[in-house]
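Try each one before reading its solution.

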Amino acid sequence: MSLPPLYALRAFEVAARLNSFSKAAETLNITPGAVSRHVRTLELWFDCELFKRQGPRVEVSEAGRILAGQLSESFSSMEWACRAFRSEHHLLRLKAPSSLTMRWLLDVLRTFRENHEKPKVEIASVWMDIDTVDFTREPYDCAILLGNGYFGESTESRLLFSEWLIPVCAPSLLESARDHLPQCDLIHPSPDRRDWRRWLKRTGKFPGLDVSGGIVFDTLEQGSLAAMSGHGIAMADLRLSAEALKGGLLVPPFQEAIATGDGYYIVWPKNSLRKQSIELLLDWLNLNTPVVPSLDIVCLDYNDKCP
């Protein structure tokens with residue numbers, strides 16, 4: 001069975017997605033008239049109406065919506081295949097959360113480059129409320145994400161290290177935090193304040209403590225910087241705060257660190273053509289996971305094992 005012209009299918013898919021011939025024309029760098037002709041070619045080929053036309057306005061029809069959805073998946077697959085085979089086959093595109101990048105990953109990638117000529121790792125450090133990646137739509141070969149290890153059936157993942165939470169503060173606030181935590185400003189690294197809630201519940205400390213107030217940030221990095229400046233008591237990741245704890249910029253007012261059940265995983269698509277490069281990077285990351293400083297820490301987990 002013959003197929004309609006690929007350029008007509010692409011023009012239609014973009015027009016249906018944007019619900020506009022003019023916007024599709026701008027995206028494809030052609031004229032609106034050309035988009036209209038391509039759509040008309042398909043309507044004649046399929047013998048059905050793909051757009052409803054009301055004067056200068058157009059609206060995708062129900063048949064057009066069905067076709068556009070199938071074409072979008074097909075074009076995404078084609079783009080992925082072409083990206084995998086393009087000449088930059090020694091380039092590894094990595095997505096990672098901003099706090100992890102600033103606290104650990106940048107230094108590790110520098111030493112990786114010093115010891116490996118290939119692959120070249122290109123990192124995109126982004127803020128993510130929930131750590132996710134869509135390899136069919138995002139331009140990445142792999143990602144480091146915080147989660148429980150499941151990131152979709154079409155992906156593979158390996159644990160780098162688990163997340164452990166512990167309160168931290170500037171040395172000047174150490175006594176106040178220990179003796180009068182309810183009177184201190186709590187620093188929350190996420191708007192839902194989940195980290196303080198989890199630590200208080202797991203340790204059983206300060207029952208009834210109101211965590212609805214305090215200072216709210218979007219990331220652990222922002223919360224830790226605020227704590228270093230003496231603005232309150234922050235909840236932090238024990239590993240990602242290792243250097244600040246070693247250097248005395250932050251101190252733990254309490255001994256208890258809790259495991260959240262989540263961890264940082266490197267994730268990549270199944271059957272990736274970059275798997276050999278990803279495994280090389282994975283081995284280096286595993287060799288350079290953050291080392292927890294020698295502190296008198298009590299680890300609260302099912303097995304009570306410190307990281």
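**Exercise 1.** Is the crossing of α5 and α10 left-handed or right-handed?

*Solution.* A word on the model: it is predicted, so local features need pLDDT of at least 70, side-chain atom pairs count only at pLDDT 80 or more, and totals for chains, interfaces and linings use all residues. Residues are numbered from 1 along each chain as its sequence is written, and side-chain values use heavy atoms, leaving out hydrogens and water.

Step 1: α5 and α10 cross in a right-handed way (the near helix is turned clockwise from the far one by less than a right angle).

Step 2: the axes of α5 (residues 98-115) and α10 (residues 275-287) come within 10 Å and cross at roughly 120°. That makes α5 oblique to α10 (angles under 35 degrees count as roughly parallel, over 145 as roughly antiparallel, 65 to 115 as roughly perpendicular and the rest as oblique).

**Exercise 2.** Find how the rings of Phe-206 and Phe-254 are arranged.

*Solution.* Step 1: the structure holds 10 aromatic pairs (ring centres within 6.5 Å; planes under 30 degrees apart are stacked, over 60 edge-to-face, the rest tilted).

Step 1: the centres of Phe-206 and Phe-254 are 5.6 Å apart with planes at 70°, so this pair is edge-to-face.

Step 2: Phe-206 sits in the loop between α7 and β8, and Phe-254 in the loop between α9 and β10, so the pair ties together parts 48 residues apart in sequence.

Step 3: Phe-254 is buried at 9% relative accessibility, while Phe-206 is partly exposed at 24% (buried is under 20%, exposed over 50%, partly exposed in between, with a 1.4 Å probe and protein chains only).

Conventions. Axes fitted to C-alpha atoms, helices over the stretch in contact; angles between N-to-C directions. Helix = DSSP H or I, 4+ residues; strand = E, 2+ residues; numbered from the N terminus. Phe/Tyr/Trp six-rings, centres within 6.5 Å; stacked < 30°, edge-to-face > 60°.
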